Amino acid sequence: MRIGKVTESVLKRSVLKLIKSDSNRESAAAKSDCAYSIDEDGSVLLSSVSTMTVKTDEAGFFAVHNAANNVFCMGGKPTMAVLNILLAADAEESELKNVMRSAINAANDLGIAIEGGHTEVTDAVERTVVSAIVTGISKAKSNSKALEKDDKTFLNNIEGKLKDSCDIIITKWIALEGTAILAANEADKLKGRLPDYMIKEAAGYKRLVSVKNDAQIALSSGALMTHDVSMGGIFAALWDISERAGCGMEVDLKKIPIRQETVEITNYLGLNPYQMISGGSLLIIAPDGDRVVRSLEDAGINATIIGVTTNKNDKIIRNEDEIRYLDKPMADEILKINNY
């Protein structure tokens, strides 16, 4: 199989199908980015995992935040994190300290603790692999209804609403996470093209990778679905949310927000920012996009309507007069860089 996130067809055929056929209860798989269950008091217990395979000193930071973002998208509040760290045989102890320091920084941002995990040196990996499992809880009745055992009715109702020309919104700017990683790791190379202040600004985008406020505001402003933009970038996220919602879409490429630092860095390195890891951006589907955008902007969060859902299967990306059909998610662009 190709490097990167497995394709949707492989995921359905070799993962989700087996879960559904072998599970002794209805699975949460394919309905959200979190596993979930309902506690006796009606609370929704959430759990999400994120694995960071990209080479970066901030692997722990991004893994924890990305896992927490999935909890936020379900209307939940993270409560703790667990880490699994696999180190290559030639790794130095300083690398482990970097992972832990960055993970602790993320946990502090979120107001949670790292409660445990597993650390191992192994020749099974060539570079450090960090997985973060973040658990959370939600007591919001609106979210609980979506997760009850008879949630097929709920999902069918949502699917019907999503096909009725809903707005597609994205928060902040795409490829922020990838830009931050590249600016930090490729600084020496980029200095031959970009001024120091631009590289420093780009590296600082890591401060924007949480979608906590984005998700809370969107869900309270009428959003039907939210999905954080992670590996594979905005194109992968659009494909994923369309498949999950059972709808088509039309998106205007020119309306997808992108920072100039991202444009400069990806152009110089020959990468496609629309297929680059984009932690910090939240994809939202809502019947009244203007209302959601106003609420987000009132809170100081950049938000843009980039398209609409349709009752067809086509996933269309428009670039002025040019029309293209969205492909299945590809390997993240950041993996093309040497040593990644």
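Biologist: What percentage of the 340 residues in the chain do buried residues make up?
Modeller: The model is predicted, and its secondary structure comes to 12 helices and 12 strands. A residue counts as buried when its relative accessible area is under 20%, and of the 340 residues in the chain, the buried ones make up 48%.

Biologist: Of the contacts in the chain with a separation of 6 or more, what share falls to residues 24 or more positions apart?
Modeller: One example of such a link is Ala-215, which, leaving aside its neighbours within four places in sequence, is in contact with Phe-72, Cys-73 and Leu-282. Taking the contacts in the chain with a separation of 6 or more, the share from residues 24 or more positions apart is 82%.

Biologist: Leaving aside its neighbours within four places in sequence, with which residues is Leu-238 in contact?
Modeller: Once its neighbours within four places in sequence are set aside, the partners of Leu-238 are Ile-168, Met-249, Val-251, Leu-283, Ile-306, Ile-317 and Leu-326.

Biologist: Within what arc do the buried residues of H12 fall, seen down its axis?
Modeller: In helix H12, which covers residues 289-298, Gly-289, Val-292, Val-293 and Leu-296 are buried. They line one face of the helix, because, seen down the axis of H12, they fall within an arc of 95°.

Biologist: Against which strands and which helix do the buried residues of H12 pack?
Modeller: An α-helix has 3.6 residues a turn, so residues three or four places apart point the same way. For H12, the buried residues line one face of the helix, and the elements they pack against are strand S6 (167-171), strand S9 (282-286), strand S10 (303-310) and helix H9 (212-220).

Biologist: How far apart in space are Ala-215 and Thr-171, C-alpha to C-alpha?
Modeller: Ala-215 has its place in helix H9, and it counts as buried because its relative accessibility is 0%. Ala-215 and Thr-171 are 44 residues apart in sequence, while in space their C-alpha to C-alpha distance is 9.5 Å.

Biologist: How many disulfides does the count come to?
Modeller: A disulfide requires two cysteine sulfur atoms within 2.5 Å. The sulfur of Cys-166 has its closest cysteine sulfur in Cys-247, 8.1 Å away, and is therefore too far for a bond. Cys-166 is buried with a relative accessible area of 2%, and Cys-247 is buried with a relative accessible area of 4%. The count of disulfides comes to zero.

Biologist: Is the ring pair of Phe-61 and Phe-62 stacked or edge-to-face?
Modeller: A search of the whole structure finds two aromatic pairs, and in one of them the rings of Phe-61 and Phe-62 are 5.5 Å apart, centre to centre, with 85° between the planes. Both Phe-61 and Phe-62 are buried. Planes over 60 degrees apart count as edge-to-face, and the pair of Phe-61 and Phe-62 is edge-to-face.

Biologist: How many residues apart in sequence are the parts that the pair of Phe-235 and Tyr-274 ties together?
Modeller: The rings of Phe-235 and Tyr-274 have their centres 5.5 Å apart and their planes at 15°, so this pair is stacked. Both Phe-235 and Tyr-274 are buried. Because Phe-235 lies in helix H10 (residues 233-245) and Tyr-274 in the loop between helix H11 (260-269) and S9, the pair ties together parts whose separation in sequence is 39 residues.

Biologist: Over the ring of which residue does the charged end of Lys-315 sit?
Modeller: Arg-259 lies over the face of Trp-173, at 4.6 Å from the ring centre. The charged end of Lys-315 is 4.3 Å from the centre of the ring over which it sits, that of Trp-239.

Biologist: Is Glu-320 buried or exposed?
Modeller: Glu-320 has a positive phi of about 60° although it is not a glycine, and it is found in the loop between strand S11 (315-319) and strand S12 (322-325). Lys-172, also with a positive phi, of about 55°, although it is not a glycine, counts as buried at 8% relative accessibility. The relative accessible area of Glu-320 is 63%, which means that Glu-320 is exposed.

Definitions and conventions: Residues are numbered from 1 along each chain as its sequence is written. This is a predicted model: local features need pLDDT of at least 70, side-chain atom pairs count only at pLDDT 80 or more; totals for chains, interfaces and linings use all residues. Side-chain values use heavy atoms; hydrogens and water are left out. Contact means heavy atoms within 4.5 Å. Buried means under 20% relative accessible area, exposed over 50%, partly exposed in between (1.4 Å probe, protein chains only). Helices (H or I, at least four residues) and strands (E, at least two) are DSSP runs, numbered from the N terminus. The arc is that of the directions from the helix axis to the C-beta atoms. Rings of Phe, Tyr and Trp (its six-membered ring) pair if their centres lie within 6.5 Å; planes under 30 degrees apart count as stacked, over 60 as edge-to-face and the rest as tilted. A charge sits over a ring if NZ of Lys or CZ of Arg is within 6 Å of the ring centre and within 35 degrees of the ring normal.
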